[in-house]
Amino acid sequence: MKFKIKQTSLKNVALTIGAMALLTSCVNTQSDKTYENAVDIPVNQEMVAELTDPPFVPTPVGNRLAKKLIVDLEIQEREGEMVSGVKYIYWTFGGTVPGSFIRTRVGDEIEFRLKNHPDNKLPHNIDLHAVNGPGGGAESSFVAPGHEKVFSFKTLNPGLYVYHCATAPVGMHIANGMYGLILVEPEGGLPPVDKEYYIMQGDFYTEGKYGERGLQAFDMQKAIDENADYVVFNGHVGAMTGDNALTANVGETVRLFVGNGGPNLVSSFHVIGEIFDKVYVEGGDLVNDNVQTTLIPAGGAAIVEFRVDVPGSFILVDHSIFRAFNKGALAVLNVQGEENEKVFAGEIYEGIYQPEGSVIQSMPTSGSSKPKEEIKALSFEEKMKFGKDKYMATCVACHQGNGQGIEGAFPPLANADYLNADVDRAIDIVLHGKSGEITVNGKKYNSVMTAQALSDEDVANVLTYVYNSWGNNKTDVTPEMVNAVRNRK
Ligand SMILES: [Cu+2]
């Protein structure tokens with residue numbers, strides 16, 4: 001087997017081993033004949049389904065025969081972190097958003113055991129789009145806290161399907177994270193690839209706006225207005241960046257099982273710097289080749305495949321692009337290996353091009369061009385607090401939650417030699433933006449940061465926060481220092 005499951009809970013490992021023992025101890029009694037109707041595919045052994053947390057997926061079915069497959073899923077309502085400093089109560093299938101990945105094959109008879117943890121406050125249920133039957137199983141699975149419901153169905157149609165809670169108010173249960181994917185592989189399994197990952201987009205609606213700290217409650221009105229504060233992959237901002245980025249090696253084929261839980265938004269799924277060699281459109285049989293961006297409806301999915309040809313950081317986004325850089329819909333695939341100049345030669349020339357009057361774009365200020373009257377920070381502690389709020393609202397989308405940046409795209413602000421070398425330069429960058437090549441901690445960046453429309457007070461707060469976090473040199477930046485840079489010639 002080529003696949004590696006990098007991270008499964010101990011329970012899952014034990015289940016897998018148990019399942020493997022079952023597989024090898026039985027005699028293969030079914031013939032290889034294919035059945036006209038999936039309904040007629042016989043099942044004669046029992047097996048406990050391996051379930052995985054995102055972004056990992058269970059072992060492929062390969063050419064195993066159809067079985068009675070037991071899926072044991074526990075609903076948990078639990079607090080999690082949307083972005084650094086912002087807490088949210090998620091409702092989950094299996095403790096994660098999206099819920100555990102379920103991998104089956106056509107003809108399996110699924111015995112679904114849905115458990116609602118006794119500490120939970122609400123009843124829930126499950127509607128699996130892979131089911132042929134009323135409510136996708138919703139009616140049969142409605143379960144109160146401290147109870148378990150069992151129902152069963154046969155997988156008739158191969159494909160990648162969404163499952164979600166369908167308890168009223170349905171939109172709220174989905175908005176809180178109650179969705180996941182179930183894969184039904186065809187007879188003989190999907191063609192083997194080198195790496196497989198599980199990604200699911202979701203939109204979130206909170207009382208506070210993006211980055212506002214503390215425990216944030218669900219906001220029904222914003223959800224009805226489809227005015228999302230967060231649009232994220234795998235439940236929170238940065239689920240697959242930094243140390244949690246996806247990985248692959250040059251030359252490998254990567255398959256992404258991508259779902260969209262919604263509740264509202266349609267995803268324009270794109271990988272910056274890659275072309276999908278294959279897309280299983282909407283998760284069905286239709287395969288489209290050579291695709292740049294694929295639409296994934298709310299309550300739908302797609303399987304995308306591509307070979308990675310050169311090393312680097314490839315950024316996965318919803319190409320409705322403000323969602324990526326301002327609401328969190330951004331993940332990273334780090335590819336390691338040999339450069340291939342035939343495929344990509346990098347920068348081969350840079351000259352000066354400066355049309356008369358060209359300036360760096362600045363961010364629009366809403367309404368008047370003068371910043372509003374604001375509360376001044378009175379103490380260093382207050383400065384740090386205000387600065388952190390500003391950072392979470394303004395800088396975090398690019399420079400990331402712990403200032404670690406994203407290699408190849410956004411330079412780090414954590415332990416950053418470039419930042420610590422020159423405070424006036426840092427002030428100038430926040431006030432006026434920055435473009436052109438710079439080197440930060442030995443790595444080159446050549447991109448554009450737009451000017452941030454912030455008051456002297458805000459710039460002082462946010463930079464004091466940055467300088468006094470993550471191993472930087474503890475400079476205390478004052479509004480006077482900012483004003484001096486703003487007014488210098
Ligand atoms: Cu629910």
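**From values to words**

Mentor: The secondary structure of this protein comes to 10 helices and 24 strands, where helices (H or I, at least four residues) and strands (E, at least two) are DSSP runs numbered from the N terminus. This is a predicted model, in which local features need pLDDT of at least 70 and side-chain atom pairs count only at pLDDT 80 or more, while totals for chains, interfaces and linings use all residues. Residues are numbered from 1 along each chain as its sequence is written, and side-chain values use heavy atoms, with hydrogens and water left out.

Trainee: Why is H173 called buried?

Mentor: Buried means under 20% relative accessible area, exposed means over 50%, and partly exposed lies in between (1.4 Å probe, protein chains only). H173 has a relative accessibility of 2%, so H173 counts as buried. Its place is in helix α3, residues 170-175. By that definition, buried residues make up 50% of the 489 residues in the protein.

Trainee: How do you know which residues H173 touches?

Mentor: Contact means heavy atoms within 4.5 Å. Not counting residues up to four places away in sequence, H173 touches W91, P123, H124, C165, T167, A168 and M178. Across the protein, among contacts between residues at least 6 apart in sequence, 70% join residues at least 24 apart.

Trainee: What makes H173 a "binding site" here?

Mentor: The name comes from UniProt, which places the feature "binding site" at H173 in an unreviewed entry. UniProt positions are given in the numbering used here, feature names are shortened, and annotations may be inferred rather than shown by experiment. For "binding site", the unreviewed entry also lists H124, H129, H164, C165, M178 and H319.

Trainee: Are C165 and H129 buried or partly exposed, and why?

Mentor: C165 has a relative accessible area of 0%, so C165 is buried. The value for H129 is 31%, so H129 is partly exposed. C165 is found in the loop between β9 (159-164) and α3, whereas H129 is in the loop between β7 (127-128) and α2 (138-141). Leaving aside neighbours within four places in sequence, C165 is in contact with F93, H124, N125, V170, H173, I174 and M178, and H129, with neighbours left aside in that way, is in contact with Y161, V162, H164 and G299.

Trainee: What makes a space a cavity rather than a pocket?

Mentor: On a 1 Å grid over the protein atoms alone, a cavity is a set of points where a 1.4 Å probe fits but cannot get out, and a pocket is an open set with protein on both sides within 12 Å along at least five of seven lines; lining residues have an atom within 4 Å of a point. Grid points are joined across faces, edges and corners, and a volume is the space filled by probe spheres set on the points. The structure holds 3 cavities of 30 Å³ or more, and the second largest cavity has a volume of about 70 Å³.

Trainee: Why is the second largest cavity said to lie between domain 2 and domain 3?

Mentor: Domain bounds come from an automatic or database domain assignment. Domain 2 (196-336) and domain 3 (377-487) both give residues to the lining of the second largest cavity, so this cavity lies between them. Its lining residues include Y210, F325 and Q400.

Trainee: How is the lining of the second largest cavity divided by class?

Mentor: Ala, Val, Leu, Ile, Met, Phe, Trp, Tyr, Cys and Pro count as nonpolar, Asp, Glu, Lys and Arg as charged, and the others, Gly among them, as polar. By class, that lining has 7 nonpolar, 4 polar and no charged residues. The lining of the second largest pocket divides into 18 nonpolar, 12 polar and 10 charged residues, and this pocket has a volume of about 1,500 Å³.

Trainee: Why are E226 and W470 called partly exposed?

Mentor: E226 has a relative accessible area of 46%, so E226 is partly exposed. W470 is at 21% relative accessibility, so W470 counts as partly exposed. Phi of E226 is near 60°, a positive value in a residue other than glycine, and W470 has a positive phi of about 50° although it is not a glycine.
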